[in-house]
Amino acid sequence: MTEPQSARAYHDASGEQDILVEVRGLKKWFPVQRGLIANLLSRGHTAYVKAVDGVDFTIRRGEVLGLAGESGSGKSTVGRLVLRLLDATEGQVLIDGVDLGTLKREELRKARSKMQVVFQDPLASLNPRMTIGQAIEHPAQIHLPGTTQEERKRLVSELLEAVGMSPPDFFYDKYPHQISGGQRQRIVLARALITRPELIVADEPIASADVSVQALLLELLIKLKEDFDLTYLFITHDLATTKYICDRIAIMYLGKIVEIGSLQEVFENPQHPYTRALLSAVPVPDPRHRRTEPLPSGEIPNPINPPSGCNFHPRCPIAVEGVCDVEEPTIRQLADVDGHEVSCHLRTGDYQHLDKAIT
Amino acid sequence: MVNEGAITGERVTMGWSLKAGEVLYSLRDVSVDYGTRTGLVKAVDRVSLDIRKGEILGLVGESGCGKSTLGKAMLRMTRPGKISTGELWFDGVDLLTLSQRRMRELRGARLGMVFQDPMTSLNPLSKIVDHLTETVRTHEPKVSEAAARDRAERLIGRLGLREERIDDYPHQFSGGMRQRIMIALALALRADLVIADEPTTALDVIVEAQFLDLLRELRDEFDLTIVLITHNLGVVAEVADRVAVMYAGRMAELASVSDLFLDTKHPYAQGLLRAVPNIELDDAELYQMEGAPPNLLHTPHGCAFHPRCPAAMPICSDQQPAFQPVVGDHHAACWLYEDHPDKGGDGGVR
């Protein structure tokens with residue numbers, strides 16, 4: 001295993017990239033459960049929810065990639081596929097060059113110690129009958145079999161300190177219900193770190209916390225990333241928080257990435273009409289920044305019957321009839337901007353001459 | 001301006017005849033207690049607040065600050081909690097003096113409500129049209145079924161749903177649409193005050209923004225007064241005219257939205273604002289507020305915020321500051337803005 005490089009390594013313009021996660025053509029279609037009669041009527045035609053429908057991205061070692069979108073966009077499903085908590089319908093996930101889909105049970109179990117997950121609700125992630133100390137130690141019993149109990153206990157204490165739960169002895173024997181929500185999320189993080197993972201998939205890790213606690217957790221995530229040389233896939237619906245932690249960001253809509261690029265590039269120079277809508281809809285805690293741009297009409301469509309052509313065309317302010325409702329766009333790099341890719345006929349596709357709203 | 005009547009204890013005039021800006025609902029010295037096995041929890045502690053006709057008042061604070069309890073108290077729906085002190089003046093009457101029956105007539109009719117999860121407020125077995133016509137005909141028995149349906153259709157259309165969908169069931173709608181139906185229920189009886197408790201929290205940002213636009217339009221069109229309870233300071237900055245900030249069951253600050261965000265007085269509100277992610281700011285660091293909100297079984301003595309306050313003075317742990325005007329109509333409960341002989345000391349961080 002190569003030594004983790006500095007978080008800034010990817011800023012080097014050289015072609016050398018230390019890629020930890022590579023996702024290629026990832027798809028996850030869930031069959032729709034229907035009643036017997038509906039099944040007979042449809043004569044065996046199965047309908048699918050195309051939760052993830054062709055997603056490609058890479059995450060460099062030490063990087064934080066934000067995966068943002070509305071509910072139903074497929075962002076959480078991507079997170080689960082990356083960890084192989086779900087099996088992909090199509091496509092591959094390579095962690096450190098190894099295709100997770102090809103691993104046998106035992107190999108997968110070993111590979112999993114290198115990747116961990118943190119979910120939104122820490123109370124649901126913690127066993128109410130286990131003390132905090134036991135909960136954090138538990139993965140070590142499985143993944144670090146050579147360690148003694150004293151060694152593991154020392155490790156737990158160090159991790160409690162690292163996540164700001166100090167003094168460790170005070171918290172060690174407490175149960176999850178005896179501490180606050182923010183503290184519980186710290187425990188979940190400590191538990192995730194005990195196997196010394198390289199990748200953490202964080203699925204809305206701060207969404208259930210109060211404002212003042214959110215800020216503390218976000219700061220902790222940044223600190224842990226530095227202290228433990230971590231790489232994050234940071235899944236969120238809240239674009240405002242991505243600004244404080246992500247290096248790059250991918251915007252998902254109906255199972256596809258519509259735009260991806262460095263955080264600064266996507267925020268300052270958003271190209272996809274959906275990204276623009278999403279960014280302008282984020283409420284800004286400053287009454288001088290009340291939104292003036294019009295919103296797209298309607299809501300995210302049903303992923304069982306996604307719209308033809310470009311998924312977004314029925315809500316898109318710049319859609320061109322005969323193009324956007326017919327042809328499906330592919331994601332392409334924006335001219336002259338390294339790493340900024342957009343899936344839009346009018347912005348990066350073959351129909352840029354039809355784009356009237358050039359800004 | 002502070003309404004004189006509200007302070008001197010005179011009756012508030014009829015809601016219907018009020019002009020924009022006059023006090024429609026006045027809470028005076030309201031407390032709500034919850035008896036628990038471990039002791040008495042003061043979820044709301046002597047809160048006074050005037051709500052003005054036609055305004056959108058944002059009521060903000062973190063979990064457990066009492067904002068939702070205050071919203072429920074306004075409807076006299078605090079059970080198992082008890083309104084232990086105070087008065088609730090609406091339309092010339094103290095709601096606490098009304099019978100259960102009169103109160104029920106007011107609720108839903110003049111006082112509308114919208115909660116975070118509309119599915120818990122809608123009957124899954126009833127069509128949308130039945131929800132609406134039942135509401136109308138319960139409160140206005142003289143309205144015919146056909147007339148009620150007609151009113152329901154027009155409302156649904158106005159709220160951006162296709163009229164034929166009125167015969168659908170709640171589960172056939174998305175979260176954003178269900179919230180629109182909740183608003184339709186409030187408007188079906190021409191409520192003049194709607195209390196909306198975290199109405200957009202379960203919604204995605206674009207749908208949230210659409211809903212906030214709708215609230216603003218309805219306020220203008222129906223002369224609605226809206227109390228918007230939320231933890232989201234961005235939402236408040238987007239639509240509110242005035243903002244009240246609560247902490248540990250008490251009112252911390254109350255001001256116009258621009259004064260509250262741009263000339264914040266209370267150290268808690270200041271910290272909270274600096275801790276909120278702001279997509280428009282270049283500054284990529286969030287303020288780390290120390291500590292956590294107190295357990296309301298043991299609210300700190302004096303100002304409840306003093307253990308976390310960077311500006312705490314000796315008096316802060318000793319005496320509770322009054323909630324009073326600081327400049328003009330800008331209210332705050334903080335010793336920094338009050339004169340007191342014991343204020344002295346080093347004024348440093350505790």
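1. Start with the largest nonpolar core of this predicted model. The core holds 196 residues, and F234(A), I251(A), V194(B) and L228(B) touch the most other members. A nonpolar core here is a set of buried Ala, Val, Leu, Ile, Met, Phe, Trp, Tyr and Cys residues joined through C-beta atoms within 7 Å; buried means that 20 or more other C-beta atoms lie within 10 Å of a residue's own, with C-beta atoms placed from the backbone.

2. Now zoom in on F234(A). Leaving aside neighbours within four places in sequence, F234(A) is in contact (C-beta atoms, placed from the backbone, within 7 Å) with V64(A), L65(A), G66(A), L67(A), A202(A), T242(A), I245(A) and C246(A).

3. Next, look at where the chains meet: chain B brings 34 residues and chain A brings 31. On the chain B side, helices 7 (205–222), 8 (233–239), 9 (257–262) and 10 (267–275) each supply at least two residues; helices are DSSP runs of H or I, at least four residues, numbered from the N terminus.

4. Chain B is split into domain 1 (1–13 + 20–110 + 191–277) and domain 2 (120–188), with bounds from an automatic or database domain assignment. Their C-alpha centres are 26 Å apart. Where they touch, 14 residues of domain 1 of chain B meet 10 of domain 2 of chain B, and helix 7 of chain B gives the most to the domain 1 side, with six residues.

5. A word on conventions: residues are numbered from 1 along each chain as its sequence is written, and chains are lettered from A and ligands numbered from 1 in the order in which they are written. Local features need pLDDT of at least 70 and side-chain atom pairs count only at pLDDT 80 or more, while totals for chains, interfaces and linings use all residues.

Methods
A residue is buried if 20 or more other C-beta atoms lie within 10 Å of its own, exposed if 12 or fewer, and partly exposed in between; C-beta atoms are placed from the backbone. Two residues are in contact if their C-beta atoms, placed from the backbone, lie within 7 Å.
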